[in-house]
Amino acid sequence: PGSNNKTEQGVATMKAPMRKVLGLQEDAAGACAWIHECKSQKLLKHEGDQSWTYTQFNTPWPVTPRDSVLQVTSVKGSDGSLTRNLIGVPTYIPEEKGFVRVAQVEGFWKMVPKGDNSTEVTYQVHTKPGGSVPSWLANKFVVDAPFNTLKALKERAEK
């Protein structure tokens, strides 16, 4: 509510155990291979159930490339699920030259173990891309990002 940008959500069932899906997610640099339009990603800090990541994204011309800093907090559910809450912390590190820092990120990854060694994965995120990006372009990314991200994650998890 109150934003011109839509919230994106995708849900996929993967024929892979939750520990494998989680392993793919926790590999910050390797995760760039399946995150939609990810140029590079690195782990800045890990402490207990929290980690901080820095990601650079490819953007279509004429939009200046974006980067983001996320604080990821993992919460275990009583049902065996794991939720990785995502919150943008744009001032955690100085801005990089040539990139516009994503102003706001709020979302989560939720992994729920299912029978037959499968995992149901939900990915939801709402962002304010920062700078001047028309909502129609940002909202196109909102459709492509969860679909392409979950599809690529599923392909790797099921190998």
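The link of Cys32 and Cys38 is left-handed, with -100° about the S-S bond. Welcome to a short tour of a predicted model, in which local features need pLDDT of at least 70, side-chain atom pairs count only at pLDDT 80 or more, and totals for chains, interfaces and linings use all residues. Residues are numbered from 1 along each chain as its sequence is written, and side-chain values use heavy atoms, leaving out hydrogens and water.

**The disulfide**
- Searching the whole structure turns up 1 disulfide, a term used here for a pair of cysteine sulfur atoms within 2.5 Å.
- Its partners are Cys32 and Cys38, with an S to S distance of 1.9 Å.
- Cys32 has a relative accessible area of 13% and is buried, and Cys38 is buried too, at 11%.
- Buried means under 20% relative accessible area, exposed over 50%, and partly exposed in between (1.4 Å probe, protein chains only).

**The fold**
- You will find 2 helices and 8 strands in the protein chain; these are DSSP runs numbered from the N terminus, with helices being H or I of at least four residues and strands E of at least two.
- Starting at the N terminus, the order is β-α-β-β-β-β-β-β-β-α.
- Of the contacts (heavy atoms within 4.5 Å) between residues at least 6 apart in sequence, 57% join residues at least 24 apart.

**Inside and surface**
- The protein chain has 159 residues, and 43% of them are buried.
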